[in-house]
Amino acid sequence: PLSGVSLLAQPPGGQVALGDRLVLSCEVAQGTGPLSFFWHREGSASLLGTGPGLELSHVGVNDSGHYRCRASDGDSVAESPPLNITVL
């Protein structure tokens, strides 16, 4: 089963200046087979992206919030803890 799903942010610390670029990476510590990734932000029903990375090229004030990555190997699903992103 999948485990150890975590998020990394660039710039580190989850603080990004208005208009700058934010890159989030989803990492899985344990899991086999082809993985699928799904990105969500709390309070938004829309899927932000699929893939191990999510890039927001020009962040706006509406991009602040808690982001999560959900990983699936087809049999099991694991979700990262929320990562709080603050737009300065």
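A residue is called buried when its relative accessible area is under 20%, exposed when it is over 50%, and partly exposed in between (1.4 Å probe, protein chains only). Ser-80 is buried by that rule, with a relative accessible area of 1%. Welcome to this chain, a predicted model in which local features need pLDDT of at least 70 and side-chain atom pairs count only at pLDDT 80 or more, while totals for chains, interfaces and linings use all residues. Residues are numbered from 1 along each chain as its sequence is written, and side-chain values use heavy atoms, with hydrogens and water left out.

**The chain as a whole**

- The chain has 8 strands and 0 helices, where helices (H or I, at least four residues) and strands (E, at least two) are DSSP runs numbered from the N terminus.
- Read from the N terminus, the elements follow the order β-β-β-β-β-β-β-β.
- The chain is as compact as a globular protein of its length, because its radius of gyration of 13 Å is close to the 12 Å that the globule rule gives for 88 residues. That radius is taken over C-alpha atoms, and the globule rule is 2.2 Å times the number of residues to the power 0.38.
- Along the principal axes, the C-alpha atoms fill a box of roughly 40 × 25 × 20 Å.
- Of the 88 residues in the chain, 32% are buried.
- Among contacts (heavy atoms within 4.5 Å) with a separation of 6 or more, 58% are between residues 24 or more positions apart.

**Surface and charge**

- The chain has 4 positive and 8 negative charges, and their mean positions are 5 Å apart. Lys and Arg count as positive and Asp and Glu as negative, with His and the chain ends not counted; each charge is placed at NZ of Lys, CZ of Arg, CG of Asp or CD of Glu.

**The disulfide**

- There is 1 disulfide in the count, a disulfide being a pair of cysteine sulfur atoms within 2.5 Å.
- Cys-26 and Cys-69 form this link, with an S to S distance of 2.0 Å.
- Cys-26 lies in strand β3 (residues 22-30) and Cys-69 in strand β6 (residues 65-72), so the pair ties together parts that are 43 residues apart in sequence.
- The link is left-handed, with -90 degrees about the S-S bond.
- Both Cys-26 and Cys-69 are buried.

- Ser-80 sits in the loop between β7 (77-79) and β8 (83-87).
- Ser-76 is in the loop between β6 and β7 and counts as buried at 18% relative accessibility. Leaving aside neighbours within four places in sequence, Ser-76 is in contact with Pro-1, Leu-2 and Ala-71.
- Ser-76 and Gly-65 are 11 residues apart in sequence, and their C-alpha atoms are 26 Å apart in space.
- Pro-12, in the loop between β1 (3-10) and β2 (15-16), counts as exposed at 60% relative accessibility.
- Pro-12 and Pro-52 are 40 residues apart in sequence and 17 Å apart in space, C-alpha to C-alpha.
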